[in-house]
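Try each task yourself before reading its solution.

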Amino acid sequence: MQIPHDTRRALDVVVALVNTTAETDHPDGLADVGSLREFVREYEISDVGDLGVRDLAGVRTVRGKFAQVFGAANPRTAAGLINELVATAGTTPQLTDHDGYEWHVHYFAPGASLGDHLAADGGMALAFIVVSGEQERLRRCEAPDCRRAFVDLSRNRSRRYCDSRTCGNRLHVAAYRARRKEADAGPSEQEEVVHGGQQQQGADHP
């Protein structure tokens, strides 16, 4: 699947934002304004001013809406959620080539809050996926102890696990060990049956 560079970057931010949500094995990745600032630095989000408590609340709200898109049962539901996101953000498409990047589109309005910034750019990136007929690529990790979001960019839409952890490897190793255990137990059980049969035959025919 061919995705424009700026759309891919926006999708990466969307996924990363959704995955800051608190889970049983790790705390909220946006616990305070400091962690929000770190998120902005890590993902090189441009045109961001001073951040405060209101920004943190706004971004958390957008995070929840992004998460709903990943849980949408069908494209129509996803489209409705995305339309709401984009409308609330008040998108203003503009071409830019900032920081050495080639020309690309920013959808957030000049001076927008960080929440609206993420909702606009992230919402349009998600819209690209839905318009392309690829909504099912917006997935959650299938590992029993992980529900992290990811975008399945495999050619045949076959990816099942996130790449932020070792979920796939862990399950493959577990399956391999289970097969080995079954294989190792098999001959012993067969031998027991054979021996048991021989013993029974000996008892019937002394």
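**Exercise 1.** Is Asp152 buried or exposed? Work out its surroundings too.

*Solution.* Some ground rules before we start. This is a predicted model, so local features need pLDDT of at least 70 and side-chain atom pairs count only at pLDDT 80 or more, while totals for chains, interfaces and linings use all residues. Residues are numbered from 1 along each chain as its sequence is written, and side-chain values use heavy atoms, with hydrogens and water left out.

Step 1: get the accessibility. Asp152 has a relative accessible area of 0%, so it is buried (buried means under 20% relative accessible area, exposed over 50%, partly exposed in between, with a 1.4 Å probe and protein chains only).

Step 2: Asp152 sits in the loop between β4 (149-151) and α6 (167-204). Helices (H or I, at least four residues) and strands (E, at least two) are DSSP runs, numbered from the N terminus.

Step 3: list the neighbours. Leaving out residues up to four places away in sequence, Asp152 touches Arg137, Arg139, Arg157, Ser158 and Arg159, where contact means heavy atoms within 4.5 Å.

**Exercise 2.** Which residues are linked with Asp152 in a network of salt bridges?

*Solution.* A salt bridge is a side-chain nitrogen of Lys or Arg within 4 Å of a carboxyl oxygen of Asp or Glu.

Step 1: start from Asp152. Its side chain meets that of Arg139 in a salt bridge at 3.0 Å, N to O. Arg139 lies in strand β3 (residues 138-140) and Asp152 in the loop between β4 and α6, so the pair ties together parts 13 residues apart in sequence. Both partners are buried, with Arg139 at 17% relative accessible area.

Step 2: collect the members. The network links Glu134, Glu136, Arg137, Arg139, Asp152 and Arg157.

**Exercise 3.** How many salt bridges does a search of the whole structure find, and what does the one between Arg63 and Asp28 tie together?

*Solution.* Step 1: the search turns up 10 salt bridges.

Step 1: take the named pair. The side chains of Arg63 and Asp28 meet at 2.9 Å, N to O. Arg63 belongs to helix α3 (residues 53-70) and Asp28 to the loop between α1 (5-18) and α2 (33-42), so the bridge ties together parts 35 residues apart in sequence.

Step 2: Arg63 is buried at 8% relative accessibility, whereas Asp28 is partly exposed at 25%.

**Exercise 4.** What span should helix α5 have?

*Solution.* Step 1: the expected span is 1.5 Å times one less than the number of residues.

Step 1: apply that. The 18 residues of α5 (residues 114-131) should span 26 Å, and the end C-alpha atoms are 25 Å apart, which agrees.

Step 2: finish the picture. In α5, 14 of the 18 residues are buried, and just after the helix Gly133 takes a positive phi of about 75°.
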